[in-house]
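Hello,

Here is the structure I said I would pass on. My notes on it follow below.

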Amino acid sequence: MKQGLFIRVILVPLILSACLCGCQGIEVERTAIAVGVAADWDDGDYIVSVQLAKVATAEQAASQEGPQFIVLNERGQTLTEAARRMNLTLPRLPRWFHANTLLLGENLAQQGLSSVIDFLSRNPNVRANSLLVMTRGATPPEVFQIDTPLEPFSAVAIRYILENQEDQVGIYKPVTLAEFLYNVATPGIDPVIPQVRIVSDNGKKLLTIEGTAVFRGTEWAGELNEAESRGFRFLSSERIRGGLLVIPAPGDETRDVTIEIISSQATVKPVWKEGELRMMVQITAEGNFYDQTSSKPLLNLETFRLLEKLSAGQIEDEMKQAISKAQHYQADIFGWGRLLEREYPPIWSQVEQDWPQIFSGLQADIQVNFELRRTYLTDESFVIR
Amino acid sequence: MRYLNSKPAPESSDPHELIDQNITGIIKTDQANLEAILQNCSDIIIKPFQFGNPPIAGMLLYFDGLVDRQEVEINLLKPLMLEMAMLCSQNGGLHEDVLEHVRYRILTMADLKVVKDYNSICHHISSGDTVFLIDGIKEALVAGTRSWKGRGVESPENEVVVFGPKEAFTETLRFNTAMIRRRIKSVNLKMEGYVIGRVTKTDVVLCYVSGIVPPNLVNKVRSRLSSIDTDGILDTEYLNSFIADTKNTIFTQVENTEKPDRVCGHLLEGRMAILVDGSPTAMILPISFPQFWIAAEDYYTPYVPASLYRIGRFIAFLMALLAPSIYVAVTTYHQEMIPTALYLTIAASRQGVPFPIFVEAFLMEATFELLREAGLRLPRAVGPAVSIVGALIIGDAAVQAGLVSTPMVVVVAFTGIASFVAPNYNAALIIRTARFAFLIAAAALGFMGIMIVLILMLIRMASLSSLGMPYLSPLAPFNWSQLSDIIVRRPWYLANQRPYMEGMENQVRQGAKGEQE
């Protein structure tokens, strides 16, 4: 009896379920691996592009001629249809779960992202932690076709570039799909996406990250340039690490000093005083002295303070540029509306309707505390005799 | 020396009835009866002789090859024939109680017994004793003259150690008990003898240290041993199926070892060992599953490396159990879990492989088991050749021919190596058997299948017991203090208490109170 129960309750479902699994499991060699996925819009149709890795072992890849990927495009009335129609030409099943980079075409952005948000949030094959990048001045397939130096797949290259530049130069903030969707869905904050462009270097086409696309909700509003993007990064609520500041050398305006930012934390607080809303922005940042192009001794007590002041001024300037540009676009990319909602819920419910207009006229009081910490291998400026 | 195999049996007497009769005391009848009982036994030696003055008829019986011939001649025949004459002449006649005289005054042997029936005579001569019958006396004298050519004590073949004792049990029971006794010089080391097997009449010894072992467990084993009714016991494994709490399972509830030091370690922790004559392995019980990944060597190396190796062994144990099924599940169902570069490599090497991954894995695992089995059975001279042909040629050629993919070979090889990490052969067998169940479940349902089988396996293991001791203890039921000798190996100065067992009277191993560590 006990034995019979075991067979009926456990073994039989287990064996039967083996017959049901055809739609789930698929052999590795019948799949194609998409390293990058892109969505675009053209003339009433949605276009899905994928960069598929050619299957090869490391050994084969090294000896292979030409690109190690193929780029496929397909049109459809919806993104899902376009993506599925790919199976009409491709004998393998493209699998998206390795695509860490998600490109959005410029045309699609100008059209407004509202039509693809649902696809991006609902489709289980799209990774929520994939990085969102907007193509500027090029279509996604063109970006995918670029032969990036040292990295066989441009989609992977974009991700690595975004990750490394944040540490090394600190201009753009990588945006994951999850963050983007959250920002779209949350009142009082507007999303941004870093942009990728194709540049020409001695006739060879290269990819570069340039500018940040600003959205008002899902509507494309404009872009931030490099300095504004840097200011935007300083204003983000998380602690940021890495990045450079180039400031004029004290006492020699033609020469410069490079400061590396170790960490920076912004605290933004809305203040409601006598019927007027102001944003209190406080930045606590730390940096290291990295190099100087002037030959004057800079690391003494007077210039040290001056260097800190100049750095603080530089940060403040970049933030002001970012704020004024965002206010110009009426896009609350800093999430100030959300902060207001948290701090003064009744006021937020009053102003929520015309928040873009109010945001564009907001005054921000910026206060930067910058501290210079270390000077690396030597604590004096190099003396040339 | 006379061989009586050609002699016809006495007319009316049936040997099967004769054997239950008592000794008649008339030497001629006894001889005829015994010859009838032992007919067609070419190795029996029956030697009638006369001794004393006036001469008394006597008879010696033994099986050739089982006794020490020199001892029979010097310690039995010589005193009888020479000293008896001396003794009788002093009294001027034959003594009333010949047997008593022979036993206590004449024979110089220590191991002497008296038996009364043919059955016992036959049992003793089969065991290598010499039986001595005297005319007119209804009893027979049994002299312990057992001595035969056995394998000497060698180093263990399956449980190889770098440090620590390198003695292994042999097929001779007495050597084995001596090896244990030499390590535990205490009268509390008890060795209860049993004779099991209707035909084989095999000597079985139950070892334990009284005062440490829970008495109820000894009673349990005693009653299970005495209730065994079978034709023959040729190895300790025969007893396993009679003694185990649950018979119908792949999880052995005993541990087999060929190392006397390991047996002693277990005895000192309150467990019992069963030795069987003719078998070079001892059976330890009760045992719990976590003990299968404890190696004897852990206790002979410093505790930090020993603990690390033990943890590593546990991981290897899991890998040996799960690696092929995880590979199958991941590559068929959960491809998003593989790093992109690895995915590309796997997909590339799978190009042109004609079988689905599951079939590939199953075939490779089966091939590996086959090679392992072949390597075990082959004569030593051919062994290396098979491993070269198997591992190198078949493995390499199969990949070259595109029959299997390279990652599969790597997984199977890794699994094989990991399964050899198990210090105990019983554990390795469990892994090898269960691995295929996991493989099938992974092919059917991916990770869900693996989890289902894993849970079923754990449920099964948790429901098992070894002599009433939970099979998964001390993991389930959980006992924190005992984990210090399961997951890691604690240093000896902290091991004040023995592992807990139900009914244990004396848990203190060292220190005044054996305070909780």
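The side chains of B:Arg350 and A:Glu27 form a salt bridge, with N to O at 3.1 Å; the term means a side-chain nitrogen of Lys or Arg within 4 Å of a carboxyl oxygen of Asp or Glu. Between chain A and chain B there are two salt bridges.

This is a predicted model, in which local features need pLDDT of at least 70 and side-chain atom pairs count only at pLDDT 80 or more, while totals for chains, interfaces and linings use all residues. Residues are numbered from 1 along each chain as its sequence is written, chains are lettered from A and ligands numbered from 1 in the order in which they are written, and side-chain values use heavy atoms, leaving out hydrogens and water.

On the interface: 27 residues of chain A are in contact (heavy atoms within 4.5 Å) with 24 residues of chain B. On the side of chain A that touches chain B, there are 14 nonpolar, seven polar and six charged residues. For these classes, Ala, Val, Leu, Ile, Met, Phe, Trp, Tyr, Cys and Pro are nonpolar, Asp, Glu, Lys and Arg are charged, and the others, Gly among them, are polar.

On confidence: pLDDT is the predictor's confidence in each residue, from 0 to 100. Chain B has a mean pLDDT of 85, with 94% of its residues at 70 or more. In residues 6-12 of chain B, the pLDDT is below 50, and this stretch has four contacts in the model beyond near neighbours in sequence. The model scores are ipTM 0.80 and pTM 0.83.

Regards
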